[in-house]
Amino acid sequence: MTYSLETAEHPERLRRVAIDPVSRVEGHGKVTILLDEHNKVHQVRLHIVEFRGFEKFIQGRPYWEVPVMVQRLCGICPVSHHLAASKAMDIIVGAKKLTPTAEKLRRLMHYGQMLQSHALHFFHLCSPDLLFGFDSDVTRRNIVGVAAEHPEIAKRGVLLRKFGQEVIRITSGKRIHGTGAVPGGMNKSLTIAERDELLKDIYQIVAWSRDAVHLIQKVHIQDPGLYNSFGIFRSNFMSIVGHNGDLDFYHGSLRARDDNGKIIFDGVDYQQYDKYIEEEVKPWTYMKFPFFRSLGKEHGWYKVGPLARIQNCTQISTPFAEHERKEFVDYAGGSPMHAPLAYHWTRMIEMLHAAEEIKNLLHDDDLLGSDLMVKGERQMEGVGVIEAPRGTLFHHYRVDENDVVTMANLIVSTTNNNQAMNEAVRHVAKRYLHGREVTEGLLNHIEVAIRAFDPCLSCATHALGKMPLQVELVDVEGQQVHALSRS
Amino acid sequence: MSAPVVVFAVGNPSRGDDAIGPELCGRLEKWLKNEGLEDQVELIEDFQLQIEHVLDLQGRQLALFIDAGENTVAPYTFKQIAPATGIAHTTHELPPEAVLQVYLQTEACQPPPSFVLCVSGEKFELGEPLTATASNHVEAAFALLTQLCRHASLAEWNRVLVQ
């Protein structure tokens, strides 16, 4: 766990390669690589080029608006922000424990979100790299290429994502900008017709999710030289875990382990998160770098998300996913797996767990109940934490006596993975670019490492013409000597 | 039975001129209701186009994609599009042509005739309202939209193309 390659000693003497923005990730990102005249790598940084400003945007708004407003942070995982904000506002309205119906409805919504997001990422963001290879023809290394050569896989991806979106629509009331969760509970339950509509397809969804785990497991095991080592670095890891250490995406306490799997802290109430986690600001990026206070910023950074969660939990409560977790742990050989490409395998185990949980919930009559709201003694401050598809998501608010938000602090999943993503990029750059000519295929290796974390780098703005991909090589004098562009 | 025409309106309403798509969607929804045409046109608003939108193309006679554009011709362009490979470098915001191509590959038949209405925007900052310029472009685009919905046929849409 080092900071090597973060800052070169004499950057003014080096050649600069920029991948701007990183393709196939949410929002805008930029990677800069400084090379010397022998193409040796001296500095690699993943920059976040757009300032969110969302915490300021929320201040001054009534607290009950926040769970709806924050969905506009992200077009890919609005439900995660909706639920994290709702959990924080539950604390504000004194709702210490929701009714069984409200909590199960929220869980159903959240599992639908995990399912659709993981399906989108695997089938449509990463399968081109995994099915065609990192160096394959760039013109077919995309979802259109996957659809052409593997139409059944592409179709399953479409239908898995569609099912997850339907779960969200039914539980939140709308396809986007839903209002299902409110401070203290939910504003609607399921009708029998809505439940039956989802039940009709869920067994197929579970079966396809199992197939997806087996597909990525096979891809991984067939090429251990690549998959066990590509971009590898060791780090601490963190997630929330549920009752008895179960994998739980919706609620639990904070647990962190070191790179050998030894517990750093466990059972931490996330209302106290800021006593355990601190955020560092660096001058070259808008994104903060969180770290564990007890270990300091140099050794205390960590990774979150599927690879952390699957190895941080003690067990999984659903049988198919638990079987696959054990297979993964056995393959890792008894110590934590740190290879970034193992994110894909663990992500599919999580998708299977989400599908199984949806199946279980759809057989629970509590979903049809009418007891939806609780409230208690009004509080001035609340923290909501959830395991979003990309990792642990913190929403922290203070609300004044006029019900107006006076402070908001968000640590989004990708921020938690900031240092980890930088490390992965550095290791790949050193391994694949060092001393070699830069080609599009080599640059895609950098992007493959970033995509493994499923980063969400910005809010959803995707106007036509806004996201070209440009790669620039700049010489020692700052003159552009070569440029590639995809749009 | 799905409506013969589907309109996708794309954009984030909290992001300045990225709200052009949702703004037009909201206006069109009211207008269709007033005109009694809501059974003829289905509106789908989303942050960005995604893979599952191919399912919304099933059984349609015409499809229209509305989105804001940056550095595009003002006030708008209106053109017919075809399925295309190799133009999508990101799956998080599939261009309309890639949605049509995935339809072609997964449904094993041609998608419905499809058009893009790209309305020019200027600023896309968080928390900002539509710019005055974009509002003017929305007015112009809305006039075209009502014309398209009143006369929803391939021949008529091809007659009013604006490149």
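Predicted model: local features only at pLDDT ≥ 70, side-chain atom pairs only at ≥ 80, totals over all residues.
Which residue takes a positive phi just after helix 3 of chain B? Ala108(B) does, with a value of about 60 degrees. Residues are numbered from 1 along each chain as its sequence is written, and chains are lettered from A and ligands numbered from 1 in the order in which they are written.

Let us begin with chain B as a whole. It holds five helices and five strands; these are DSSP runs numbered from the N terminus, with helices being H or I of at least four residues and strands E of at least two. Read from the N terminus, the elements go β-α-β-α-β-β-α-β-α-α. The radius of gyration of chain B, taken over C-alpha atoms, is 15 Å, close to the 15 Å of the globule rule for 163 residues, so the chain is as compact as a globular protein of that length. That rule is 2.2 Å times the number of residues to the power 0.38. Along the principal axes, the C-alpha atoms of chain B fill a box of roughly 45 × 40 × 25 Å.

Of the 163 residues in chain B, 50% count as buried. Here, buried means that 20 or more other C-beta atoms lie within 10 Å of the residue's own, exposed means 12 or fewer, and partly exposed lies in between, with C-beta atoms placed from the backbone. Back to helix 3 of chain B, residues 96-107: its twelve residues reach 16 Å from first C-alpha to last, close to the 16 Å expected at 1.5 Å a residue. The expected span is 1.5 Å times one less than the number of residues. Ten of the twelve residues are buried, so this helix is largely enclosed by the rest of the structure. Among the buried ones are Pro96(B), Leu100(B) and Tyr103(B).

Pro96(B) also gives us a reference point for Leu55(B): the two are 41 residues apart along the chain, and their C-alpha atoms are separated by 13 Å. Leu55(B) sits in helix 2 (residues 53-56) of chain B and counts as partly exposed because it has 15 C-beta neighbours inside 10 Å. Leaving aside residues up to four places away in sequence, Leu55(B) touches Val158(A) and Lys162(A), a contact being two C-beta atoms, placed from the backbone, within 7 Å.

That brings us to chain A, where an open sheet of three strands has the order 12-13-14 with antiparallel pairing. Its edge strands, pairing on one side only, are strand 12 (381-388) and strand 14 (405-411). Two strands pair if DSSP finds at least two bridges between them; strand 13 (residues 391-399) is joined to strand 14 by six. Within that pair, Val399(A) stands opposite Val405(A). Helix 3 (residues 78-92) of chain A packs on the sheet, touching strand 12 and strand 13, and its direction makes about 150 degrees with that of strand 12. Axes are lines fitted to C-alpha atoms, for helices over the stretch in contact, and angles run from 0 to 180 degrees between N-to-C directions.

Elsewhere in chain A, helix 12 (residues 342-362) has 18 of its 21 residues buried, so it too is largely enclosed by the rest of the structure.
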